[in-house]
Amino acid sequence: MASNTHAISLNPATGEQIGAYAFESAADLETVLSQSAKAYTSWRRTPVDARSAALARLGQALRADIDRLAGMITAEMGKPITQARGEITKCAGLCDWYAEHGPAMLASEPTQIENDKARIEYRPLGPILAVMPWNFPIWQVIRSVVPALLAGNTYILKHAPNVMGSAYLLREAFGRADFPQGVFEVVNVQNDLVSQAIADDRIAAITLTGSVRAGSAIGSQAGFALKKCVLELGGSDAFIVLADADLDEAIRAAVVGRFQNTGQVCAAAKRFIVEDSVADAFTEGVVAGTKALVIGDPTDPSTYIGPMARYDLRDELDAQVQRTLSEGAKLLVGGKKIDGPGNYYQPTVLADIVPGMTSFREEIFGPVASIIRASDARNALELANNSQFGLTASVFTKDLAAAQQIAADLEVGGVFINGYSASDVRVGFGGVKKSGFGRELSHFGVREFCNAQTVWFDRK
């Protein structure tokens, strides 16, 4: 949350204020822009092996400070500590992977021109402005910044107001990894100065992870300034269960895939589309799994469901649930705020969901699962594609040929067959439709912010 003068961090498990970070001025932003632009002139010429070595040091710095980093994530946005530690470990692994494999992604690429006289060279663009969300305070940044820096760009982070403590700890980690000043910078500014930065000639490109509303605003400003942008926005991911699926595995994946990070994941299973013949058994299993989830203090390693990150988001989620129920859905478990201190919401399962209902139509960003019945596989596909979003989807079936055909027809950026959605550094990640455009991770993340420059020798 934010006041007029400060970004305020509240512990969502207790409601207590744990941080207040003064918003920076236009003069402060100018200093950061100048430092980033100056650092770019030397960083882009730093050999790629030296840049990758710096990323390896960053991975070591993250591991060495896992207790503080994970503790800050838990304190600021309520992620259960076991999951927060997993986030940091995953970030460090990403640094290692890019340090090892990244340089090859920037190697000269041959073309079909005779005698190898033309090649494609991947050159950096310049300072990148990143507007990042609170739900994975370190991972969202690391998966964006590491490939950008590897390519020779510099990076300016504007983080969500409620996780500025995490942003500043991450800046410390870059310092311990001996990155030159200006290569990674943090700004704590309000929206008017974000717009000013986007328009500034020193910013080469913009990346945002956030809501459709934020993506529309940032994307339009980037377009007006004629600058490249990558947008990773919302999702209402379909989780398709066909009649021949391994139901035990599908149920397990459904519960984990929906309720990890207290349901606050863009690429999470949200709409469970199940063939009629197995819908009752699947629903029974998901309800039982949901009831078994451990809700409590996020600092307790046994907790799986912590508080939601912000009080306004819990209010919005509850309003969506109540609208869905008023539209004819059936409540199977949960459906209410949890009384007492903290920003907790009951893990919830809704059934009898049909197109047009709120939880079918809108992104539900919290611990709520919506179960939808399909008459057959074709109907399941139609229901899955009946969405403004297109981030990821899952398909559970023993018929892998059928699953591959469904994957080909799904209007999403990623399909997971007999597994729930996840991001992995080794493969690209991103969406279509109102889930955004552009790709992160793998070689895609490196080259998104590169100039693919043609170099042609002796053309007659």
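The model is predicted. The domain assignment gives domain 1 (6-233 + 434-456) and domain 2 (237-424). The structure holds 24 salt bridges, yet the count between domain 1 and domain 2 is 0.

**Contact between the domains**

- The C-alpha centres of domain 1 and domain 2 lie 30 Å apart, and the contact takes 27 residues from domain 1 and 32 residues from domain 2.
- Between them the two domains bury about 2200 Å², with 56% of this area on carbon and sulfur atoms.
- Of the area that domain 1 buries against domain 2, 22% is supplied by Pro-12, Trp-134 and Ser-435, more than by any other three residues.
- Salt bridges between domain 1 and domain 2 number 0, whereas 13 residue pairs are in polar contact across the two domains, both residues being at pLDDT 80 or more.

**The side of domain 1 that touches domain 2**

- Helices α3 (66-77), α4 (81-105) and α5 (139-150) each supply at least two residues to this side of domain 1.
- Helix α4 gives the most to this side, with 4 residues.
- The residues of this side divide into 11 nonpolar, 9 polar and 7 charged.

- Glu-109 and Arg-447 form a salt bridge in which the closest N and O atoms are 3.7 Å apart.
- This pair joins strand β3 (residues 109-110), which holds Glu-109, to helix α15 (residues 442-447), which holds Arg-447, across a separation of 338 residues.
- Glu-109 is partly exposed at a relative accessible area of 31%, and Arg-447 also counts as partly exposed, at 27%.
- Arg-373 and Asp-280 meet through their side chains in a salt bridge of 2.3 Å, N to O.
- Here the linked parts are strand β14 (residues 368-374), with Arg-373, and helix α10 (residues 276-291), with Asp-280, the two residues being 93 residues apart.
- Arg-373 counts as partly exposed at 39% relative accessibility, whereas Asp-280 counts as exposed at 53%.

- Glu-249 forms a salt bridge with Arg-252, with 2.8 Å between the closest N and O atoms.
- Both residues of the Glu-249 and Arg-252 pair lie in helix α9 (residues 247-259), 3 residues apart, or about one turn of the helix.
- Glu-249 is partly exposed, with a relative accessible area of 30%, and Arg-252 is partly exposed at 44%.
- A network of salt bridges links Asp-65, Arg-68, Glu-172 and Arg-176.

Methods
Residues are numbered from 1 along each chain as its sequence is written. This is a predicted model: local features need pLDDT of at least 70, side-chain atom pairs count only at pLDDT 80 or more; totals for chains, interfaces and linings use all residues. Side-chain values use heavy atoms; hydrogens and water are left out. A salt bridge is a side-chain nitrogen of Lys or Arg within 4 Å of a carboxyl oxygen of Asp or Glu. Buried means under 20% relative accessible area, exposed over 50%, partly exposed in between (1.4 Å probe, protein chains only). Domain bounds come from an automatic or database domain assignment. Contact means heavy atoms within 4.5 Å. Buried area is the accessible area (1.4 Å probe) that two parts lose on being put together, summed over both. A polar contact is a pair of N or O atoms within 3.5 Å; within protein, one must be able to donate a hydrogen and the other to accept it, and residues adjacent in sequence count only if both atoms are side-chain atoms. Ala, Val, Leu, Ile, Met, Phe, Trp, Tyr, Cys and Pro count as nonpolar, Asp, Glu, Lys and Arg as charged, and the others, Gly among them, as polar.
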